[in-house]
Amino acid sequence: MTSRNVATLVGLSAVAMWATLGVLAAAAGPVPPFLTTALTFGLSGTLATLWLAATGRLGLLLQPAKVWLIGTGGLFGFHFFYFTSLQLAPKVEANLVNYCWPLLIVLFSGLLPGERLRLHHVIGAAIGLCGAAAIVTGGRGLVIEAAHIPGYAAAVVSALTWSSYSVVSRRLGAVPTEAVAGFCLATAVLSGLCHVALEQTVWPAGPGAWAALVGLGLFPVGLAFFVWDYGVKRGDIQVLGAVAYLSPLTSTLLLVAAGFGSFTPAIAVGAVAITAGALIASKDMLFGRRSAAGDARGAAATDA
(Lines give C-alpha, C1' and ligand atoms only; values in the text may rest on other atoms or scores of the structure.)
Protein backbone atom coordinates (compact mmCIF):
# COMPACT_ATOMS: atom_id res chain seq x y z
CA MET A 1 0.00 0.00 0.00
CA THR A 2 1.43 3.39 -1.02
CA SER A 3 1.90 6.27 1.39
CA ARG A 4 -0.81 8.12 -0.54
CA ASN A 5 -3.30 5.34 0.17
CA VAL A 6 -2.30 5.23 3.84
CA ALA A 7 -2.87 8.99 4.10
CA THR A 8 -6.25 8.56 2.41
CA LEU A 9 -7.28 5.96 4.98
CA VAL A 10 -6.13 8.27 7.77
CA GLY A 11 -8.29 11.03 6.31
CA LEU A 12 -11.25 8.68 5.98
CA SER A 13 -11.11 8.02 9.72
CA ALA A 14 -12.43 11.59 10.07
CA VAL A 15 -15.56 10.50 8.18
CA ALA A 16 -16.04 7.67 10.68
CA MET A 17 -15.70 10.10 13.58
CA TRP A 18 -18.09 12.62 12.02
CA ALA A 19 -20.64 9.81 11.84
CA THR A 20 -20.87 9.96 15.66
CA LEU A 21 -21.71 13.66 15.61
CA GLY A 22 -25.47 13.19 15.47
CA VAL A 23 -25.81 10.63 18.24
CA LEU A 24 -23.38 12.45 20.57
CA ALA A 25 -25.10 15.80 19.95
CA ALA A 26 -28.47 14.18 20.69
CA ALA A 27 -27.09 12.72 23.90
CA ALA A 28 -25.67 16.11 24.93
CA GLY A 29 -29.18 17.56 24.91
CA PRO A 30 -30.44 21.03 23.89
CA VAL A 31 -27.13 22.87 24.25
CA PRO A 32 -27.07 25.82 21.79
CA PRO A 33 -24.91 25.18 18.71
CA PHE A 34 -22.40 27.99 19.19
CA LEU A 35 -21.95 27.08 22.85
CA THR A 36 -21.42 23.45 21.83
CA THR A 37 -18.87 24.53 19.24
CA ALA A 38 -17.04 26.76 21.72
CA LEU A 39 -16.84 24.05 24.37
CA THR A 40 -15.84 21.21 22.04
CA PHE A 41 -13.27 23.13 20.01
CA GLY A 42 -11.98 24.61 23.25
CA LEU A 43 -11.45 21.11 24.63
CA SER A 44 -9.79 19.71 21.51
CA GLY A 45 -7.64 22.79 20.96
CA THR A 46 -6.50 22.91 24.58
CA LEU A 47 -5.61 19.22 24.72
CA ALA A 48 -3.70 19.42 21.43
CA THR A 49 -1.84 22.54 22.57
CA LEU A 50 -0.89 20.92 25.88
CA TRP A 51 0.41 17.91 23.95
CA LEU A 52 2.51 20.19 21.73
CA ALA A 53 3.91 21.94 24.80
CA ALA A 54 4.72 18.62 26.49
CA THR A 55 6.58 17.39 23.40
CA GLY A 56 8.46 20.63 22.83
CA ARG A 57 6.68 21.47 19.58
CA LEU A 58 4.64 24.49 20.62
CA GLY A 59 6.56 26.52 18.04
CA LEU A 60 4.58 24.76 15.29
CA LEU A 61 1.72 27.13 16.08
CA LEU A 62 3.83 30.05 14.83
CA GLN A 63 2.43 30.22 11.31
CA PRO A 64 1.98 33.12 8.87
CA ALA A 65 -1.19 35.21 9.14
CA LYS A 66 -2.42 33.73 5.83
CA VAL A 67 -2.33 30.23 7.30
CA TRP A 68 -4.24 31.32 10.40
CA LEU A 69 -6.83 33.06 8.24
CA ILE A 70 -7.36 29.98 6.07
CA GLY A 71 -7.40 27.52 8.98
CA THR A 72 -9.64 29.50 11.32
CA GLY A 73 -11.79 30.69 8.44
CA GLY A 74 -12.36 27.09 7.34
CA LEU A 75 -13.29 25.70 10.74
CA PHE A 76 -15.21 28.66 12.16
CA GLY A 77 -16.63 29.87 8.86
CA PHE A 78 -18.11 26.50 8.00
CA HIS A 79 -19.85 26.16 11.38
CA PHE A 80 -21.02 29.80 11.45
CA PHE A 81 -22.73 29.65 8.07
CA TYR A 82 -24.07 26.15 8.69
CA PHE A 83 -25.75 27.17 11.97
CA THR A 84 -27.01 30.35 10.30
CA SER A 85 -28.60 28.32 7.50
CA LEU A 86 -30.44 26.15 10.03
CA GLN A 87 -31.89 29.28 11.62
CA LEU A 88 -33.04 30.88 8.35
CA ALA A 89 -34.23 27.86 6.34
CA PRO A 90 -35.90 24.49 6.99
CA LYS A 91 -33.34 22.09 8.45
CA VAL A 92 -33.88 19.34 5.87
CA GLU A 93 -33.33 21.62 2.88
CA ALA A 94 -30.44 23.45 4.52
CA ASN A 95 -28.72 20.18 5.40
CA LEU A 96 -29.08 18.90 1.87
CA VAL A 97 -27.56 22.05 0.37
CA ASN A 98 -24.73 21.88 2.89
CA TYR A 99 -24.01 18.28 1.88
CA CYS A 100 -22.85 19.52 -1.51
CA TRP A 101 -19.40 20.03 0.04
CA PRO A 102 -18.06 16.52 -0.74
CA LEU A 103 -19.02 16.91 -4.40
CA LEU A 104 -17.46 20.39 -4.46
CA ILE A 105 -14.21 18.98 -3.06
CA VAL A 106 -14.09 16.48 -5.91
CA LEU A 107 -14.77 19.18 -8.51
CA PHE A 108 -12.38 21.77 -7.03
CA SER A 109 -9.60 19.19 -6.74
CA GLY A 110 -9.26 19.30 -10.51
CA LEU A 111 -7.68 22.75 -10.07
CA LEU A 112 -4.83 21.36 -7.98
CA PRO A 113 -1.40 20.81 -9.54
CA GLY A 114 -0.57 17.15 -9.99
CA GLU A 115 -4.22 16.08 -9.73
CA ARG A 116 -6.34 14.77 -12.56
CA LEU A 117 -10.09 14.80 -12.14
CA ARG A 118 -11.51 11.65 -13.72
CA LEU A 119 -15.06 10.89 -14.79
CA HIS A 120 -15.52 8.12 -12.22
CA HIS A 121 -14.65 10.58 -9.41
CA VAL A 122 -17.46 12.90 -10.50
CA ILE A 123 -19.92 10.05 -11.07
CA GLY A 124 -19.15 8.53 -7.66
CA ALA A 125 -19.56 11.86 -5.86
CA ALA A 126 -22.80 12.64 -7.73
CA ILE A 127 -24.28 9.24 -6.82
CA GLY A 128 -23.22 9.88 -3.23
CA LEU A 129 -25.05 13.21 -3.25
CA CYS A 130 -28.21 11.47 -4.48
CA GLY A 131 -27.89 8.96 -1.66
CA ALA A 132 -27.42 11.74 0.87
CA ALA A 133 -30.49 13.48 -0.55
CA ALA A 134 -32.57 10.33 -0.01
CA ILE A 135 -31.42 10.09 3.61
CA VAL A 136 -31.66 13.79 4.52
CA THR A 137 -35.09 14.29 2.95
CA GLY A 138 -36.48 10.90 3.96
CA GLY A 139 -37.57 10.38 0.37
CA ARG A 140 -39.92 13.35 0.52
CA GLY A 141 -40.04 16.24 -1.89
CA LEU A 142 -38.43 19.57 -1.12
CA VAL A 143 -40.32 22.83 -0.75
CA ILE A 144 -38.28 25.85 -1.79
CA GLU A 145 -39.75 29.18 -0.63
CA ALA A 146 -38.43 32.64 -1.39
CA ALA A 147 -38.51 33.59 2.29
CA HIS A 148 -35.86 30.96 2.99
CA ILE A 149 -33.41 32.08 0.30
CA PRO A 150 -31.05 33.74 2.85
CA GLY A 151 -30.85 30.41 4.68
CA TYR A 152 -30.12 28.49 1.50
CA ALA A 153 -27.48 31.07 0.60
CA ALA A 154 -25.84 30.54 4.00
CA ALA A 155 -25.88 26.77 3.38
CA VAL A 156 -24.19 27.30 0.01
CA VAL A 157 -21.53 29.46 1.67
CA SER A 158 -20.96 26.80 4.35
CA ALA A 159 -20.46 24.12 1.66
CA LEU A 160 -18.15 26.39 -0.33
CA THR A 161 -16.20 27.28 2.81
CA TRP A 162 -15.46 23.69 3.84
CA SER A 163 -14.74 22.44 0.34
CA SER A 164 -12.47 25.40 -0.39
CA TYR A 165 -10.67 25.00 2.93
CA SER A 166 -10.08 21.32 2.26
CA VAL A 167 -8.71 21.91 -1.24
CA VAL A 168 -6.59 24.95 -0.29
CA SER A 169 -5.13 22.93 2.60
CA ARG A 170 -3.66 20.68 -0.08
CA ARG A 171 -1.63 23.66 -1.30
CA LEU A 172 -0.35 24.23 2.25
CA GLY A 173 1.38 20.88 2.53
CA ALA A 174 4.36 22.49 4.28
CA VAL A 175 2.12 23.60 7.17
CA PRO A 176 2.21 20.87 9.85
CA THR A 177 -1.06 19.26 10.85
CA GLU A 178 -0.27 20.21 14.46
CA ALA A 179 -1.16 23.80 13.56
CA VAL A 180 -4.82 22.74 13.56
CA ALA A 181 -4.63 23.01 17.37
CA GLY A 182 -4.40 26.77 17.03
CA PHE A 183 -7.27 26.88 14.54
CA CYS A 184 -9.41 24.96 17.03
CA LEU A 185 -8.66 27.44 19.82
CA ALA A 186 -9.41 30.42 17.59
CA THR A 187 -12.67 28.79 16.48
CA ALA A 188 -13.62 28.22 20.12
CA VAL A 189 -13.08 31.90 20.96
CA LEU A 190 -15.09 33.15 17.98
CA SER A 191 -17.88 30.66 18.67
CA GLY A 192 -17.96 31.77 22.30
CA LEU A 193 -18.43 35.38 21.18
CA CYS A 194 -21.25 34.31 18.84
CA HIS A 195 -22.88 32.42 21.70
CA VAL A 196 -22.81 35.47 23.97
CA ALA A 197 -24.26 37.66 21.22
CA LEU A 198 -26.83 35.31 19.71
CA GLU A 199 -27.85 32.52 22.09
CA GLN A 200 -29.30 31.84 25.49
CA THR A 201 -27.03 29.69 27.64
CA VAL A 202 -28.21 26.13 28.28
CA TRP A 203 -25.66 23.84 29.93
CA PRO A 204 -25.64 20.02 29.56
CA ALA A 205 -28.00 18.42 32.07
CA GLY A 206 -26.22 15.72 34.03
CA PRO A 207 -23.06 13.59 33.77
CA GLY A 208 -24.28 11.71 30.68
CA ALA A 209 -24.79 14.91 28.70
CA TRP A 210 -21.40 16.24 29.77
CA ALA A 211 -19.77 12.94 28.79
CA ALA A 212 -21.36 13.20 25.34
CA LEU A 213 -20.04 16.75 25.02
CA VAL A 214 -16.53 15.56 25.94
CA GLY A 215 -16.88 12.78 23.36
CA LEU A 216 -17.73 15.40 20.76
CA GLY A 217 -14.64 17.41 21.66
CA LEU A 218 -12.35 14.39 21.56
CA PHE A 219 -13.43 12.88 18.26
CA PRO A 220 -15.86 14.45 15.72
CA VAL A 221 -15.00 18.01 16.82
CA GLY A 222 -11.43 17.16 17.76
CA LEU A 223 -9.22 14.43 16.34
CA ALA A 224 -11.31 14.30 13.15
CA PHE A 225 -10.04 17.70 11.98
CA PHE A 226 -6.42 16.68 12.49
CA VAL A 227 -6.68 13.44 10.49
CA TRP A 228 -8.74 15.19 7.81
CA ASP A 229 -5.99 17.78 7.43
CA TYR A 230 -3.41 15.03 7.05
CA GLY A 231 -5.58 13.18 4.54
CA VAL A 232 -6.37 16.11 2.25
CA LYS A 233 -2.70 17.15 2.22
CA ARG A 234 -1.16 13.78 1.48
CA GLY A 235 -3.93 11.41 0.38
CA ASP A 236 -6.31 11.02 -2.57
CA ILE A 237 -8.50 14.08 -2.19
CA GLN A 238 -11.05 12.92 -4.80
CA VAL A 239 -11.64 9.69 -2.89
CA LEU A 240 -11.89 11.60 0.39
CA GLY A 241 -14.52 13.89 -1.08
CA ALA A 242 -16.67 11.15 -2.57
CA VAL A 243 -16.45 8.74 0.38
CA ALA A 244 -17.34 11.59 2.76
CA TYR A 245 -20.97 10.88 1.85
CA LEU A 246 -20.70 7.87 4.15
CA SER A 247 -20.88 10.35 7.03
CA PRO A 248 -24.62 11.19 6.78
CA LEU A 249 -25.40 7.50 6.18
CA THR A 250 -23.48 6.13 9.16
CA SER A 251 -24.65 9.02 11.34
CA THR A 252 -28.27 8.17 10.54
CA LEU A 253 -27.69 4.47 11.19
CA LEU A 254 -26.12 5.26 14.58
CA LEU A 255 -29.10 7.46 15.49
CA VAL A 256 -31.43 4.60 14.57
CA ALA A 257 -29.38 2.13 16.61
CA ALA A 258 -29.42 4.50 19.59
CA GLY A 259 -33.19 4.82 19.45
CA PHE A 260 -33.35 8.35 18.04
CA GLY A 261 -35.01 7.25 14.80
CA SER A 262 -36.24 4.31 12.74
CA PHE A 263 -34.93 2.53 9.66
CA THR A 264 -36.85 3.52 6.53
CA PRO A 265 -36.80 2.59 2.83
CA ALA A 266 -35.21 5.99 2.10
CA ILE A 267 -32.26 5.06 4.32
CA ALA A 268 -31.89 1.75 2.51
CA VAL A 269 -31.88 3.48 -0.89
CA GLY A 270 -29.41 6.05 0.39
CA ALA A 271 -27.15 3.33 1.77
CA VAL A 272 -26.98 1.54 -1.58
CA ALA A 273 -26.36 4.76 -3.52
CA ILE A 274 -23.68 6.11 -1.19
CA THR A 275 -21.87 2.77 -1.02
CA ALA A 276 -21.96 2.42 -4.80
CA GLY A 277 -20.73 5.99 -5.27
CA ALA A 278 -17.88 5.47 -2.81
CA LEU A 279 -16.77 2.27 -4.57
CA ILE A 280 -16.88 3.91 -7.99
CA ALA A 281 -14.90 6.96 -6.87
CA SER A 282 -12.34 4.78 -5.03
CA LYS A 283 -11.73 2.23 -7.78
CA ASP A 284 -8.18 3.47 -8.44
CA MET A 285 -7.23 3.08 -4.81
CA LEU A 286 -9.04 -0.24 -4.36
CA PHE A 287 -7.72 -1.86 -7.52
CA GLY A 288 -4.33 -0.18 -7.76
CA ARG A 289 -4.82 1.48 -11.12
CA ARG A 290 -3.25 4.80 -10.18
CA SER A 291 0.27 4.91 -11.54
CA ALA A 292 3.37 5.47 -9.47
CA ALA A 293 3.91 8.64 -11.48
CA GLY A 294 0.51 9.85 -10.34
CA ASP A 295 1.49 9.26 -6.72
CA ALA A 296 4.70 11.20 -7.27
CA ARG A 297 2.84 14.12 -8.81
CA GLY A 298 0.43 14.21 -5.88
CA ALA A 299 3.27 14.13 -3.36
CA ALA A 300 5.07 16.92 -5.20
CA ALA A 301 1.92 19.05 -5.20
CA THR A 302 1.51 18.47 -1.49
CA ASP A 303 5.05 19.60 -0.73
CA ALA A 304 4.80 22.63 -3.00
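How far apart should the ends of α10 lie, given its 28 residues? At 1.5 Å a residue, α10 should span 40 Å, and its end C-alpha atoms are 39 Å apart, which agrees. The expected span is 1.5 Å times one less than the number of residues in the helix.

The model is predicted, so local features need pLDDT of at least 70 and side-chain atom pairs pLDDT 80 or more, while totals for chains, interfaces and linings use all residues. Residues are numbered from 1 along each chain as its sequence is written, and side-chain values use heavy atoms, without hydrogens and water.

**Figure 1. The protein chain.** The protein chain has 15 helices and zero strands (DSSP runs, numbered from the N terminus: helices are H or I of at least four residues, strands E of at least two). Of its 304 residues, 51% count as buried (under 20% relative accessible area with a 1.4 Å probe, protein chains only).

**Figure 2. The kink in α10.** Helix α10 has a kink of about 40° at L216, shortly before the proline P220. The bend is the angle between axes fitted to the seven residues ending at a residue and the seven starting there.

**Figure 3. The largest pocket.** About 1,500 Å³ of space lies in the largest pocket (an open set of 1 Å grid points where a 1.4 Å probe fits, with protein on both sides within 12 Å along at least five of seven lines). The volume is the space filled by probe spheres set on the points. Its lining has 47 residues, with L21, G22, Y82, N95 and S251 nearest the centre; lining residues have an atom within 4 Å of a point. Elements that give two or more residues to this lining include α10 (207-234) and α12 (246-257).

Definitions and conventions. Buried < 20%, exposed > 50% of the residue type's maximum accessible area, 1.4 Å probe, protein only.
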